[in-house]
Amino acid sequence: MGIEALARPVPREHRELVREMLARLPEFADRLARLLSEEDEFYRQVDHVAPDELRQVCHANLERALSAVAEGRGLALDAARKTGLVQARQGIPLPAVLRAFRIGGTFVYEALLELAGPEFLNPTRTIEINSYVWKAIDLYSDALTTAYEEVAAEPSHANVRLLDDLLRGRLASQADMEAAARELGLPTAGMFVAVVTERVEPDEHDTVEALLRARRWRSAWRPGGEAGLVAIDRIEDVRRLREVLGSLPVAAGMSKPFSGFPDVPDALHRARIARRSLPAATAGVVVFGDSPVTTLVAAAPGMARDVVRSALAGVLALPGAERKVLLDTLLAWFAGHGSAKEAADRLFVHPNTVRYRLRRVQDLTKRDLTDPVDIGELYVALESVRLDPDSTD
């Protein structure tokens, strides 16, 4: 049963009843809180320890559900899921939460009948109200159950420590490493890839861990998915993993495949370098060593900045707009394998314009674009600027 089950317009008379209930929301929230404390032992304890908090939760849930009906919107199931995530992580038992929603459903149904009065009710209207309320409770219950399942799949605090020890190389013996792998749901032998990710835009996409789990990849991640280990069966899986990561709005760096847990810290370090091989706030996936020069620049950003100051000093001294034109031209020339025509096509200018700009670059940098050594220095400097635009300031 999906949200479509509740997508049909609610009759005007029913919406009027819901609006009346909303107008008296504090009263109904208080009544629901008292009912929960009477009917359920868990919420009786909550009411004893934090009565205001229980009433606030009742108020928020009633307002969310009733407002959706009154305004003709779909139910806020994502909000219910997020509430479930919070409750699960707080250790609130799922049976208590589901029982509370059933109690709440009965309460809303009876409150609407109470507001309607006998002159409004007939068997058809009573059945319609009953059907809507319980479909809503079923949908909310499904969303809550899904949230609890997600939390159940998250690593425990002990597992987080184990993974951290494995990633940092703190486990001394092979037996300890294999025991940690078993606890983390990883194979004790075979090939792995270390992955480092950074979200480049706020959104509601699934986490890397959830996406991999859904596709039956075996992996273990630090909370938030910032760094992890992924088990692979064959070298070809690197391409598949790259495609999966590329479907998310993240900047991801991957190590090359390796075997043997002692190599994990080094693989993680290489994955971090690969991540730094992407420009800031740019989504994409890089495997360590994809571009040797870019990898070297990302591995030693401080030295790369020194190269920038040395090789591109004359260009960087120009005003911002003029500086950007020359740097973009040089970048297009490298991307076009040293062809002024290909660079011109990329920049939508005449090849002679590119040649003029390149002569300016040579004059300002005192580098010769026919000399392989000078070309190499300029390429390293340009890669540093591309990865770290602040280095030009």
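**Exercise 1.** In this predicted model, work out how E226 is classed by accessibility: buried, partly exposed or exposed? Then find which residue meets its side chain in a salt bridge.

*Solution.* 
- Start with the number: E226 has 30% relative accessibility.
- Buried would need a value under 20%, and exposed one over 50%, so E226 lands in the partly exposed class.
- Now look for the partner. The side chain of E226 meets that of R222 in a salt bridge, at 3.6 Å from N to O.
- That passes the test, because the cut-off is within 4 Å.
- Check the other end too: R222 is buried, with a relative accessible area of 14%.

**Exercise 2.** Take D237 and track down its salt bridges with R234 and R240. How is each residue classed by accessibility?

*Solution.* 
- First, D237 itself: its relative accessible area is 2%, so call it buried.
- Next, R234. Its closest N and O atoms to D237 are 3.9 Å apart, which makes a salt bridge. R234 is partly exposed at 42%.
- Then R240, whose side chain meets D237 in a salt bridge at 2.9 Å, N to O. R240 is partly exposed as well, with 34% relative accessibility.

Key: Residues numbered from 1 in each chain as written. Predicted model: local features only at pLDDT ≥ 70, side-chain atom pairs only at ≥ 80, totals over all residues. Heavy atoms only, no water. Buried < 20%, exposed > 50% of the residue type's maximum accessible area, 1.4 Å probe, protein only.
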